Amino acid sequence: MSATVKTLVNQPYKYGFVTDIEADTIPRGLSEDVIRLISAKKEEPEFMLEFRLKAFRQWQKMTEPAWSNVKYPPINYQDIIYYSAPKKKPKLNSLEEVDPTLLETFEKLGIPLSEQKRLSNVAVDAIFDSVSVATTFKEKLAEEGVIFCSISEALREYPELVQKYLGSVVPIADNYFAALNSAVFSDGSFVYVPKNTKCPMELSTYFRINSGDTGQFERTLIVAEEGSYVSYLEGCTAPMYDTNQLHAAVVELVALDNAEIKYSTVQNWYAGDENGKGGIYNFVTKRGLCQGVNSKISWTQVETGSAITWKYPSCVLVGDNSVGEFYSVALTNNMQQADTGTKMVHVGKNTRSTIVSKGISAGRSSNSYRGLVKVSPNAKGARNYSQCDSMLIGDNAHANTFPYIQVQNNTARVEHEASTSKIGEEQLFYFSQRGISAEDAVSMMISGFCKDVFNQLPMEFAVEADRLLSLKLEGSVG
Amino acid sequence: MIVENSGTVLSVRDLTAEVEGTPILKGVNLEIKAGEIHAIMGPNGSGKSTFSKVLAGHPAYKVTGGEVIFQGNNLLEMEPEERAQSGVFMAFQYPLEIPGVTNLDFLRVAYNSRRKVQGLEELDAFDFDEIVQEKLEVVKMNPTFLNRSVNEGFSGGEKKRNEILQMALLEPKLAILDETDSGLDIDALKIVANGVNQLATPDNAILLITHYQRLLNYIVPDFVHVMADGRVITSGGKELALELESRGYDWVLEENVSEVGAK
Ligand SMILES: Nc1ncnc2c1ncn2[C@@H]1O[C@H](COP(=O)(O)OP(=O)(O)OP(=O)(O)O)[C@@H](O)[C@H]1O
Ligand SMILES: [Mg+2]
């Protein structure tokens, strides 16, 4: 093949700036003392410190997983800073008291927090390095009984609720990174939707890593009571550093009888430069528990950033007739690596799951889908449909699929479809012969390829996601 | 400075080109004026498709010599999409399938890219729909093809028709139709030929590449050229096609090879 489909070049990363702000930063390294310090800084209840210490002790006995299809040099966990917060202590109840530099930062990221400029129907929790700096529309949500605040605040205001559910879906020693997160997590979002309540607006958390040496370990917990509904979206960006930062989050979702949680992610952490220098290590554990009958959890993710993504948002379908869904677009370019997918664990009767995964690999990147569909002996009538499509752009990118299927009930029906396509020179020539530029051609093909996933995103973000992918591939061909 | 001969659409002189180091075109000469229909015939592998792809600017083919003037401009200096936008259209011998992109979107974006270059306003989906419905008539194509992905799962003949639909929309100055007749059934051949005839005007030019005289019964060429081993070895009127049909290529090759070789 000749030179048309060239090595892909990333569009300059728009969100790569650093905010100059005075921070309260603890010394590097991890020990029981550091954990006590974090817990003290956050003025946490005693049970939380116990939780953290227990996790830390477990973590020390564990080893980093090596089974995924990603490669990176060893991480020195003693060289990471585990807590860094903007110095002026944010007053969570009044935006006027938030440091203007921070408001400005979020505005620059396209997330206006001030009263006048807010997104009209989206409540936002803004997290900067280790802490939440502001949450919008809290009062309006409170009218419906919906709690939306930072997890730190929740630990102070609603400790029983947090204690009841924290670690109930992702146990503290679930895996290496989850254990680390359980020990050191600094902030994240907490959502509680009461019985028979439809959350009146989209909820959204925006994660911003600012500091160069700080790991970000956020923790999100969403509880949907019987008959409730909530749609939640998270977005992420980070500055461009030529070192790597660790982001090890844990997200837990609990849906009770007839409840539905829709969780969407648009991940655009800094991916490193075209030679693979710098970028975020995104090692995340996300799991939803469909505990109640007829409950439903739906994950939609658009993963475009990070040097390495290691992430498997999963559903444990315990309630009879519960439904799990996973819709994913993972795009890798240059030297990015992604090993992502889902686990659908069918426990209850007549549980159903759908997996739609679209992997796009460009440059010299590597993109793997890894998924598990597990049907337990009692899951009579369980059904799964999986579709995993890969698209390659150029000749130097890699795509893999690792679908694992374990069926222990013979009434189950599991279907799997996979395809690989390629945007090659001949197709691009066809477009250009009709007067369409290579960039428009790629973006049309990519939008078409991702349509089934974008359709699942909240409207406000679907267009954004489409645009983001085009941006990421701009300059990649021709 | 290039002196433009007002009637000339395309002028090709001593064009040579190679693919992956292998010379394919070995000195092509051709002159096409507005309002003319030309046909190129010639044995398999003689370079007909290569010639059309070189004109369209396919990146895999490297031009090693000669010149191509299109409407007074050096065509070889233009990017493929510029060539298309300025009126060069090629109906592919093997049209590509584009999964995930609807035919309608594809047509609209192509149509608008041409309009943009002409300084016209781009049409929205609604206005475009009216235009495209009109053009479907030209090739008698069912509107359901608009909502399917470009060429995906189309039969061979349907793909060819879709190419002519694109031609109808883009109204090119020079249309190169590479074996558009192959794969068409008898009725479809008539429909497509009829469509092409409707699209031929005194201002544009058409270059047909075909193996069969049959097409030329419906689209009557002003000139017929024979290509062999990367050159146009002889040219004539529409009678030449009839003669080729009855006698094959051997006699032309014999009569012309020495002449070309001496050149
Ligand atoms: N990409 C390529 N790599 C190698 N050889 C090529 C390539 N493209 C064309 N050729 C060769 O160039 C020669 C001319 O091919 P071309 O497709 O132009 O012939 P054609 O006259 O259109 O033939 P047909 O009548 O069968 O369509 C053939 O020998 C072909 O194998
Ligand atoms: Mg050919």
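The UniProt record, an unreviewed entry, assigns "domain: ABC transporter" to residues 10-254 of chain B, in the numbering used here and with the caveat that annotations may be inferred rather than shown by experiment. In this predicted model, local features need pLDDT of at least 70 and side-chain atom pairs count only at pLDDT 80 or more, whereas totals for chains, interfaces and linings use all residues. Residues are numbered from 1 along each chain as its sequence is written, chains are lettered from A and ligands numbered from 1 in the order in which they are written, and side-chain values use heavy atoms, without hydrogens and water. The span of residues 10-254 is 38% helix and 29% strand, with its end C-alpha atoms 29 Å apart (helices, H or I, of at least four residues and strands, E, of at least two, are DSSP runs numbered from the N terminus).

Because B:Ser49 belongs to helix 1 (residues 48-56) of chain B and B:Gln93 to the loop between strand 6 (88-91) and strand 7 (98-102) of chain B, the pair ties together parts 44 residues apart in sequence.

Between chain B and chain A, about 2100 Å² is buried, 67% of it on carbon and sulfur atoms (accessible area, 1.4 Å probe, lost by two parts on being put together, summed over both). One salt bridge is found across this interface, formed by B:Glu163 and A:Arg434 with their closest N and O atoms 2.6 Å apart (a side-chain nitrogen of Lys or Arg within 4 Å of a carboxyl oxygen of Asp or Glu). Helix 3 of chain B gives the most to the side of chain B that touches chain A, with five residues.
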